[in-house]
Amino acid sequence: MARKLSFHTGEFAKIVGVNKRTLHYYDEEGIFRPAHVEPNGYRSYSFQQFYPFYMLRHFRSMGLDLAEIKEYMEHRSPARLDALLTEQQAWLTGEMERLRHQMRIVRNQRALLAQAEKIVCGRVEEVERKAAHLILSENVRTLARSGETPTIERVIIEHLRYVAERRADAGFGIGVMISPEEYLTPGRENIETYYFTVTEQPLRAIDKAYRWQRPAGRYLVTYFAGDYEDTRASYDLLRAYLAAHDLRAVGFAYEESILEDTSSRDVRDYLTRILVPVADAADSPAAHDMI
């Protein structure tokens, strides 16, 4: 059967998935013209125009506006096409990274929701934890001791901006690090030293001033429900467990939200995890993981 080499506007529009008005508009604007126009205004498109039209639509879907496409179509050449495709390749690479970042957040948020269903609050367990990469805020310990809340809030905002600009968030929310000098002293459990964000990026991607690796090893872990600032009872449990099992704390406590206001309007549904690195009291003292 002979190949049909031309198509009227309606046929062409149906095949490429647009309406006739779009083809008429592209023609009038000089963006994409039919291969042939009869004296009576009848338009027809050639078989060879299908792929160029698909490429035009492809450029449009990648963010080029019609003026840019028109300018290209009026001056198209292999060299200009290569330059355009180079730009689009860079754009697509960025889009793929953005989608991978969003997928990481969705995956980890779903994992936290699944974990929340199995959590038992009000008890202490000993667990082995893998190392984790953290992005730290500036040190706010002095500010916390003096109650300079507005300044601390500015530090948190700067921290969140830094994380967002690098797409370094992995979907675990923002956590708090408490010095042993504070959490081992009743009544001082809310004096934070750093805010942190867990990241799945390599530490070399983070400025040295903000990078931190939470060590792998042995931790005490406890969970509590409710206001994430109401930590006194949980630290009472941890201190009692340390004394009863002849253990000593060897570094920061790490407070992490499992459920917070993203997942519930009721503060009573919030879940927080506290991790404290430990060693046997008889072991030689190791340096605290402080910077």
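Figure 1. On a 1 Å grid over the protein atoms alone, a cavity is a set of points where a 1.4 Å probe fits but cannot get out. A pocket, by contrast, is an open set with protein on both sides within 12 Å along at least five of seven lines. Lining residues have an atom within 4 Å of a point. Grid points are joined across faces, edges and corners, and a volume is the space filled by probe spheres set on the points.

This is a predicted model, where local features need pLDDT of at least 70, side-chain atom pairs count only at pLDDT 80 or more, and totals for chains, interfaces and linings use all residues. Residues are numbered from 1 along each chain as its sequence is written, and side-chain values use heavy atoms, with hydrogens and water left out.

How many cavities of 30 Å³ or more does the structure hold? It holds one. The largest cavity contains about 50 Å³ of space. Its lining is Gln109, Leu112, Leu113, Ile258, Leu259, Glu260, Thr262 and Ser263. Helix 5 and strand 11 are the elements that give two or more residues to this lining. Helix 5 has the largest share, three residues. Helices (H or I, at least four residues) and strands (E, at least two) are DSSP runs, numbered from the N terminus. By class, the lining has four nonpolar, three polar and one charged residues. Ala, Val, Leu, Ile, Met, Phe, Trp, Tyr, Cys and Pro count as nonpolar; Asp, Glu, Lys and Arg count as charged; the others, Gly among them, count as polar.

**Figure 2. The largest pocket.** The volume here is about 960 Å³. The lining of the largest pocket has 37 residues, and Ile174, Gly175, Val176, Tyr195 and Tyr228 are the closest to its centre. Two or more lining residues come from each of helix 5 (78-116), helix 7 (149-165), strand 6 (174-178), strand 7 (192-199) and strand 11 (253-259). Which helix gives the most? Helix 7 does, with seven residues. The lining divides into 17 nonpolar, twelve polar and eight charged residues.

**Figure 3. The second largest pocket.** This pocket has a volume of about 350 Å³. It is lined by 17 residues. Nearest its centre lie Arg129, Phe172, Val198, Arg214 and Arg273. Helix 5, strand 5 (132-136), strand 7 and strand 11 each supply at least two lining residues. Seven residues of the lining are nonpolar, four polar and six charged.

Figure 4. Two strands pair if DSSP finds at least two bridges between them. Three bridges join strand 1 to strand 3 (residues 43-46). His8 stands opposite Ser44 in strand 3.

**Figure 5. Helix 1 against helix 2.** The axes of helix 1 and helix 2 (residues 20-28) come within 8 Å and cross at roughly 105°. That makes the two helices roughly perpendicular (65 to 115 degrees). Axes are lines fitted to C-alpha atoms, for helices over the stretch in contact, and angles run from 0 to 180 degrees between N-to-C directions. Thr9, Gly10, Phe12 and Ala13 in helix 1 meet Lys20, Leu23 and His24 in helix 2. Contact means heavy atoms within 4.5 Å. Three nonpolar, three polar and one charged residues make up this contact.

Methods. Parallel < 35°, antiparallel > 145°, perpendicular 65-115°, else oblique.
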